[in-house]
Amino acid sequence: MTDGATHVRTNRARWNEISDDYQRLNGPQIRQQAFTGDISWGLWEIPESRLGVLGEVAGRDVLEMGCGGGQWSTALVRRGARAVGLDLSERQLLHSRRLAADTGLTFPLVQASAEAVPFADASFDIVFADHGAFSFADPLRAVPEAARVLRPGGLLAFSHVSPIYEITVRPGRNAPGTRLTRDYFGLRLVAEADGLVSMNLPYGSWIRLFRDSGLIVEDLLEPRPPASTGDMPAAEVSDAGGSTRERAEASAPERGDEAWAHRWPSECIWRLRKPTR
Ligand SMILES: C[S@@+](CC[C@H](N)C(=O)[O-])C[C@H]1O[C@@H](n2cnc3c(N)ncnc32)[C@H](O)[C@@H]1O
């Protein structure tokens, strides 16, 4: 694997360090889908069956960018996809291999950066990530790479925390607040409290990047916590924040984060199409 960019080296080292804790705390929630094939998106675990982001995957060549412990790709293999998992971190890929041993469902695993994808042009029908590589790789490199390896008519779908969420995170914390703390127009490379370097862009920059990569925006979904959790009173949304993004430290978003996400968009799911010609 060759990519010397500082944020890539930092994220690889940091993901190797936090991988075991991340899988211990978050794995049980997402692991279930590897056994049922019932996948769900994002912080609020909204079922794919409700959102219809990927649609039919059976018989499709699918690349997961930032597959982590491989729970999503395993579920897609269970649903008949020919999945390939790509991740930067060897420790995360080790968890993928362990899952394959547990489920008996194997698929190719590749250690690489989403900024330099080691596949030929037009190799996949679907490229996707759920809070995966597009949250940590430079989007100005990762999105054109995803577009390149898609076949004409192919789908790129990925989730990440919203730019609005990002500009309310207080220094030293990993939770959103009610005040603006970061420059919106300065978004790109964001040093997180947990030592990771995440990536985001202003909305207009995302859209121009998709257009310049030859992709058509089909949808921008902004999932909210399920209504069953109730609309939290505004008083519960405070700068004390919660722990939505404390990836290795918390297994689930806290009540304060849910309250926040009822009022403002916590995450984005983009659905993008490579035109047939
Ligand atoms: C938050 S985890 C999400 C993984 C999986 N979707 C899940 O829900 O557990 C993000 C993953 O992206 C990977 N990653 C970070 N930077 C990357 C890059 N430049 N290229 C590929 N993968 C990357 C990390 O190693 C990590 O496994």
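User: Leaving aside neighbours within four places in sequence, which residues is E45 in contact with?
Analyst: This is a predicted model, in which local features need pLDDT of at least 70, side-chain atom pairs count only at pLDDT 80 or more, and totals for chains, interfaces and linings use all residues. Residues are numbered from 1 along each chain as its sequence is written, and side-chain values use heavy atoms, with hydrogens and water left out. Contact means heavy atoms within 4.5 Å. Once its neighbours within four places in sequence are set aside, the contacts of E45 are Q29 and S40.

User: Where is E45 found?
Analyst: Strands (E, at least two residues) and helices (H or I, at least four) are DSSP runs, numbered from the N terminus. E45 is placed in the loop between strand 1 (40-41) and strand 2 (46-47).

User: Is E45 buried or exposed, or in between?
Analyst: Buried means under 20% relative accessible area and exposed over 50%, with partly exposed in between (1.4 Å probe, protein chains only). The relative accessibility of E45 is 38%, so E45 counts as partly exposed.

User: Which element gives the most residues to the shell around the ligand?
Analyst: A residue is near a molecule if one of its heavy atoms lies within 4 Å of it. Among the 20 residues around the ligand, Y22, D87, Q92, A114 and D130 come nearest. The element that gives the most, with three residues, is helix 1.
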